[in-house]
Amino acid sequence: MSRIELIDKPLPALRLAALTRTVQSQPEIATVIGGMYAQVEAALPEIPDSMAIAQYRPVEDGLEVTAGFEYAGPAVAGCDIVELGAQPAALCGVHLGSMDRIHESWQAVHQEILDRGSAPSGPCRELYVRSEPEDQSDWVTELQQPYARS
C-alpha cells in the first residue's frame with residue numbers, strides 16, 4: 001500500500017465547466033477522461049487557468065465520471081455547468097507520479113478513514129495539480145475523499 005501524508009480539510013463548493021460520463025469499471029476511466037478534458041477545453045472561450053478536476057461517484061451501472069475545470073462564466077455549448085457541493089470533512093492525500101498506481105494511494109486514504117471508525121460519504125474528487133508530461137512521471141494529484149465523522 002502507498003505511504004502518503006494525509007490531512008483533514010473541508011472541501012469548497014465548486015462550479016465547473018465539465019462533462020459527465022458513466023464507465024463500467026475503473027480501468028475504463030483512462031480511455032475516456034483525456035477526451036473529456038479536451039472537449040471541455042475546446043468548448044470554453046479561453047484556455048482554463050484552473051487545474052483539472054474530476055469527481056467520481058458510484059452509480060448502479062458503473063462509475064460516474066465528471067471531468068472539467070473551475071469556471072465562473074456563462075454556460076457554453078459543448079459542456080455542462082456542474083456544481084460540486086461543499087463538504088465539511090474530507091481526508092486528502094497527494095499521489096505522485098503515474099496514474100497506474102493511483103489505486104494504492106486511494107487505498108491508503110480509504111484505510112485511514114476506516115481506521116478512524118468513519119466511512120466515506122459522497123463522491124471523491126481528484127485535483128490534478130500537475131498533469132504534464134504525457135508520460136505521467138511528474139504528475140501530482142490531490143485525492144479528496146469526503147467522510148462522515150464517527
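**The lining of the largest pocket**

Author: Happy to! The lining of the largest pocket divides into 20 nonpolar, eight polar and five charged residues; here Ala, Val, Leu, Ile, Met, Phe, Trp, Tyr, Cys and Pro count as nonpolar, Asp, Glu, Lys and Arg as charged, and the others, Gly among them, as polar. This is a predicted model, where local features need pLDDT of at least 70 and side-chain atom pairs count only at pLDDT 80 or more, while totals for chains, interfaces and linings use all residues. Residues are numbered from 1 along each chain as its sequence is written, and side-chain values use heavy atoms, with hydrogens and water left out.

The largest pocket has a volume of about 980 Å³. Of its 33 lining residues, Ile29, Tyr56, Met99, Glu126 and Tyr128 are the closest to its centre. A pocket is an open set of points on a 1 Å grid over the protein atoms alone, where a 1.4 Å probe fits, with protein on both sides within 12 Å along at least five of seven lines; lining residues have an atom within 4 Å of a point. Grid points are joined across faces, edges and corners, and the volume is the space filled by probe spheres set on the points.

Which elements build this lining? Helices H1 (29–43) and H2 (102–115) and strands E3 (52–59), E4 (62–70) and E8 (124–130) each supply at least two residues. H1 gives the most, with seven residues. These elements are DSSP runs numbered from the N terminus: helices are H or I, at least four residues, and strands are E, at least two.
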